[in-house]
Amino acid sequence: MVDFYSFAKGVVKRILIPLYRIEVIGVEQFPKEGGVLLCANHISNLDPPILGITAPRPIHFMAKEELFRVPLFKNLITILHAFPVKRGMSDRQALRTGLELLKQGHVLGIFPEGTRSKDGKLKKGLPGVGFFALRTRAAVVPCAIIGSYRPFVRLKVVYGAPLDMAPLRERKASPEEATDYIMQHIQALLDQHR
């Protein structure tokens with residue numbers, strides 16, 4: 001029996017892939033099992049479904065708490081594995097949920113910038129992503145979404161190789177340092193594939 005996530009992925013894929021002429025690069029590097037922290041730049045509200053249809057495994061996304069105040073939309077995004085996070089403050093419940101998902105071997109999708117970039121340039125990442133990277137043994141996969149979301153103009157989704165976070169964990173790097181390291185790799189993918 002097909003679950004709702006797989007069904008929705010199939011439907012959305014049929015619409016968005018031809019509409020945005022999506023090209024997926026590097027997906028073969030995506031870990032087939034175990035916890036994965038997927039870290040991508042954020043340029044549009046369509047980024048979560050774009051990652052959802054191009055990643056080989058289901059993704060659990062942190063989504064801003066305000067989205068869960070819209071009754072029907074709340075039900076939909078909850079079924080699609082989203083959970084709420086309070087922006088602009090340390091949300092311990094969201095951090096616990098994220099850690100638990102990674103420890104259980106799921107994929108946690110995060111946009112480290114915390115909000116969409118209006119000009120398409122990568123902004124500074126928030127320390128929460130570094131916290132997850134340092135506190136778990138999850139594979140950290142950088143990802144770049146490149147394009148303008150104009151219909152029939154190619155959009156690229158580039159998955160990088162999992163990052164080696166062991167040296168940062170061993171020297172007890174701060175979450176800010178870990179985030180900066182991840183952001184450098186997202187920027188490198190953006191520069192390489194533009």
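1. Basis of the values. The model is predicted, so local features need pLDDT of at least 70 and side-chain atom pairs count only at pLDDT 80 or more, while totals for chains, interfaces and linings use all residues. Residues are numbered from 1 along each chain as its sequence is written, and side-chain values use heavy atoms, with hydrogens and water left out.

2. Salt bridges overall. Five salt bridges are found in a search of the whole structure. The term denotes a side-chain nitrogen of Lys or Arg within 4 Å of a carboxyl oxygen of Asp or Glu.

3. Arg-69 and Glu-65. Arg-69 is exposed, at a relative accessible area of 57%, whereas Glu-65 is partly exposed, at 26%. Here buried means under 20% relative accessible area, exposed over 50%, and partly exposed in between, using a 1.4 Å probe and protein chains only.

4. Lys-124 and Asp-180. Helices (H or I, at least four residues) and strands (E, at least two) are DSSP runs, numbered from the N terminus. Lys-124 is exposed, with a relative accessible area of 61%, while Asp-180 counts as partly exposed at 31%.

5. Helices α4 and α5. The axes of α4 (residues 92–103) and α5 come within 10 Å and cross at roughly 40°. Axes are lines fitted to C-alpha atoms, for helices over the stretch in contact, with angles from 0 to 180 degrees between N-to-C directions. That angle makes α4 oblique to α5; angles under 35 degrees count as roughly parallel, over 145 as roughly antiparallel, 65 to 115 as roughly perpendicular, and the rest as oblique. The crossing is right-handed, a term used if the near helix is turned clockwise from the far one by less than a right angle.

6. Residues between α4 and α5. Ala-94, Leu-95, Gly-98, Leu-99 and Leu-102 of α4 make the contact with Phe-131, Phe-132 and Arg-135 of α5, contact meaning heavy atoms within 4.5 Å. These residues divide into six nonpolar, one polar and one charged. Ala, Val, Leu, Ile, Met, Phe, Trp, Tyr, Cys and Pro count as nonpolar, Asp, Glu, Lys and Arg as charged, and the others, Gly among them, as polar.

7. Helices α5 and α7. These helices pack at about 95°, with axes 7 Å apart, and are therefore roughly perpendicular to each other. In α5, Pro-127, Val-129, Gly-130, Phe-131, Ala-133 and Leu-134 meet Pro-175, Glu-176, Ala-178, Thr-179 and Ile-182 in α7. The contact residues comprise eight nonpolar, two polar and one charged.

8. Ala-161. This residue is placed in the loop between β7 (155–159) and α6 (166–170) and is partly exposed, at a relative accessible area of 37%. Not counting residues up to four places away in sequence, Ala-161 touches Gln-29, Val-140 and Pro-142. Ala-161 and Pro-31 are 130 residues apart in sequence, with a C-alpha to C-alpha distance of 9.0 Å.
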